[in-house]
Structure formats: structure tokens, C-alpha cells
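Visitor: I have a structure to go through with you. Can we put it up and talk it over?

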Amino acid sequence: MPQTKKAEAGPIAPGEASSAAAGDAGLAAPGDLVFPADQPAASLKSKDLLGIEYLDADEIRLILDTAHHFKEISKRPIKKVPTLRGKSVINLFFEPSTRTRTSFEIAAKRLSADTQSISASTSAMVKGETLIDTARNIEAMYPDILVIRHAFPGAAHILARTCSAGVINAGDGAHEHPTQALLDALTIRDHKGSIEGLRVLICGDIAHSRVARSNIHCLRKLGATVVVAAPPTFMPCDVESLGVEAFDRLEPALEGADVVMTLRIQLERGGKLSFPSTREYFNLFGLSRDKLALAKDDAIVMHPGPMNRGVEIASDVADGPRSVILDQVSNGIAVRMAVLYLLAGSEAAKKNVETAA
Ligand code: CP
């Protein structure tokens, strides 16, 4: 884990110094943000987090381990450390979001970064400005990290190519949602101890889901067996190429599952046209208590949200004793703190700071 260097400079690592002590710990002045020499070789290889596909298992474990230590900060009476003081994080959310956007804002604030949020309705993109021009103008304001959610798969890649700031993909169309998969992995690890060897079922609208894609990459890299279940209209035709076993019925897919992750039908990405009625969908693919009984006795139930109760999941399952859905939300803050910390501490970020000093 990153270690604290309490004197002169530097990010205060998770698990160290109380908020009050951290406040006295010689906060980093602009231009002298120095990262501890004994921080693990550890930082992510890229300046950006664009997808789980581009991470290796060690990088995923580094993020999860870092997040594990950051969890404690959210339980303090004063939930703030000076780790990223002087850094700027800009959230660009061009699609609706409750969890991810709030979570990134809270995570950045808990690390003392300055934050600014821009949404589709408040950006000049409604006046016809392109994403690249928007990115160039934001870049001219010297942000350190840009967080982007966009309906277009690849939007985060465009931003990353255009900007020297670190870019975090907060969901790009049906492509990837890396921090969701990371918070899901942290939640599974919390409840199961380890991910290796688990059987994880992802069921629902796989075809339109960035959460499914990121989770498949993440869980397989960590050694889980991933199975997916969906009606044929919600199943990508090449899904096996992702290394999963595919089922067109929920019941057989549930057998032996340690984790059951249900997904919302992505109505905004074409899901509406793919089934006759929500009642029929619930009867066939909704996770009810009866169906959940086919999974292992200690199987946990997950959902990335937003949930449609009575469609992909029954209310008594969503609120039941096996549900870890709200743990996922809590872990989202720690994971996003970890990602912000690791990207702001990357070689590229350090170089930028040294250059500016
Ligand atoms: N899980 C998730 O991405 O939720 P939001 O759309 O509310 O951010």
C-alpha cells in the first residue's frame, strides 16, 4: 500500500493520519506535490482508465487494495484527507447518472481535490460544439483528471487522445464502465474473501450493457468463471469470444452460482424493442426468490443500479438478506478515490507536476 510521508509534502495515504492530523501534515503546495518514494511500483501503467480490457490483473488488484484502505476514510467523522489538494477533477456527464457522478464528486472531495461538474444541458455541446473542441477548451484550463460519461462508445478514448490530463471512463455507450466493475469486484471480494474460483452469473440485457462487458473482463482476469444468461435478443452473438458460457434460460445458469448479478434493460440503448412485455420478461428472467434458491445457499445478489423492481429483480430479493446492492454503492466511493489517487500519482502526472514546479 501507499505509505504516508507526513512531513513536507505529499499525498496522505489511506489508513494514515486522522483528518485533523492530516490537516497539519504539511500540505502539498502547488508545484511540490511529491509522491512517497516507497509507493509501490504501483501506479497504473496508463495516465487514463478507459476500460478494464486494458488493465492487467496486478493493476486491478492494486486498485482494489488501495480502495480497501480508502474505505476507512468514509467512516470517519470528518471524511477528508489532503491527498489530492491542489489537483482539479472535472466531471463531464453527458448522460444521466445518480451513483457514478455523485460518487466521483464525493471521492474527489474526500481527497481534497477541486471539482467541477458539467452536464449535457449545461455544456456548450447543446450549441453544437464538438466533443473534441469541448475537450480542447477544458484542457486549456489545466485540469488534472477528467471523468467522462457519454452515450458514444469511445468518447473517453477521444478525450484521452486529445488531452494530457488523465481521463477516466465513467461509462461510454455499451462499451465499458470500468469503475463499476472495480467496485463490483471489491464488493465480491469483501463478501467472498477472494474472486478466484468463484462462479459469477450475469443475467439480463447483456447486449446493451457496458457493466456486463467490464465485469466479464474484470472477473475473468481475477480468476472467476463468468456465465451469462439472457434471452437471445439480449445476448451478443459473439459473447463466447469474451470467455464466458452463455445460457438462454436463467434456471440452469443459476446452478452453482456464488454471485448473481442482474442487469437493467437498457431502454435508452434499444432494449425496449427486444421483448414482448415486462411481465413476460420478469417471468422468464426476473430474479425471484424461487429462482435465487437454485444458486448456492450463500450466493450474493448484485445490481449496478438503477434497478427496475419487478422487471429484472423482485423487490424482496433486492431488499433481501443476500442483497449487497448498497454495499456496491458504498464501495464505489472507495474505488473512485483509489483510481483518482493512482492516476494523479502516475508517472505522467508526476512528470506534469515536476515540469510545472
Ligand atoms: N451504476 C451506474 O452507473 O449508475 P448511474 O447511472 O446512476 O451512475
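This is a predicted model: local features need pLDDT of at least 70, side-chain atom pairs count only at pLDDT 80 or more; totals for chains, interfaces and linings use all residues.

Visitor: How many bridges join β8 to β9?

Guide: Three bridges do, and the two strands run parallel. Strand β8 covers residues 259-262.

Visitor: What is the strand order in the open sheet?

Guide: The order is β7-β6-β5-β8-β9, five strands with parallel pairing. The edges are β7 (245-247) and β9 (300-302), and each has a single partner strand, so one side of each lacks a neighbour in the sheet.

Visitor: By how much are neighbouring strands turned against each other?

Guide: On average by 20°, with direction ignored.

Visitor: Back to V259. What is V259 in contact with, apart from its neighbours within four places in sequence?

Guide: The contacts are I188, L198, V200, L201, A299, I300 and M302. V259 is also listed among the residues with the most contacts inside the largest nonpolar core, along with L146, A185, L201, V260 and L340.

Visitor: How many residues are in that largest nonpolar core?

Guide: It has 99 residues. Helix α12 (residues 325-344) gives the most to this core, with eleven residues. As a general point, nonpolar side chains in soluble globular proteins tend to be buried together.

Visitor: L146 was on that list. Where does L146 pair?

Guide: L146 belongs to β3 and stands opposite I90. In β4, V167 is the bridge partner of L146. Strand β1 (residues 88-93) is joined to β3 by five bridges, running parallel. Strand β4 (residues 166-172) also pairs with β3 in the parallel sense, over five bridges.

Visitor: Is β3 enclosed or open, and why?

Guide: Six of the six residues of β3 (residues 145-150) are buried, so the strand is largely enclosed by the rest of the structure.

Visitor: Which residues point which way from β3?

Guide: I145, V147 and R149 point one way, and L146, I148 and H150 point the other. All of them are buried, R149 and H150 included. In a regular strand, side chains alternate between the two faces of the sheet.

Visitor: Change of topic. What surrounds the ligand?

Guide: The residues are S97, T98, R99, T100, R101, G171, H177, Q180, P304, G305 and P306.

Visitor: Which helix gives the most to that shell?

Guide: Helix α3 (residues 99-110) does, with three residues.

Visitor: And how do the shell residues divide by type?

Guide: Seven are polar, two are charged and two are nonpolar.

Note on methods: Residues are numbered from 1 along each chain as its sequence is written. A residue is near a molecule or strand if its C-beta atom, placed from the backbone, lies within 6 Å of it. Helices (H or I, at least four residues) and strands (E, at least two) are DSSP runs, numbered from the N terminus. Ala, Val, Leu, Ile, Met, Phe, Trp, Tyr, Cys and Pro count as nonpolar, Asp, Glu, Lys and Arg as charged, and the others, Gly among them, as polar. Two strands pair if DSSP finds at least two bridges between them. Axes are lines fitted to C-alpha atoms, for helices over the stretch in contact, and angles run from 0 to 180 degrees between N-to-C directions. A nonpolar core is a set of buried Ala, Val, Leu, Ile, Met, Phe, Trp, Tyr and Cys residues joined through C-beta atoms within 7 Å. A residue is buried if 20 or more other C-beta atoms lie within 10 Å of its own, exposed if 12 or fewer, and partly exposed in between; C-beta atoms are placed from the backbone. Two residues are in contact if their C-beta atoms, placed from the backbone, lie within 7 Å.
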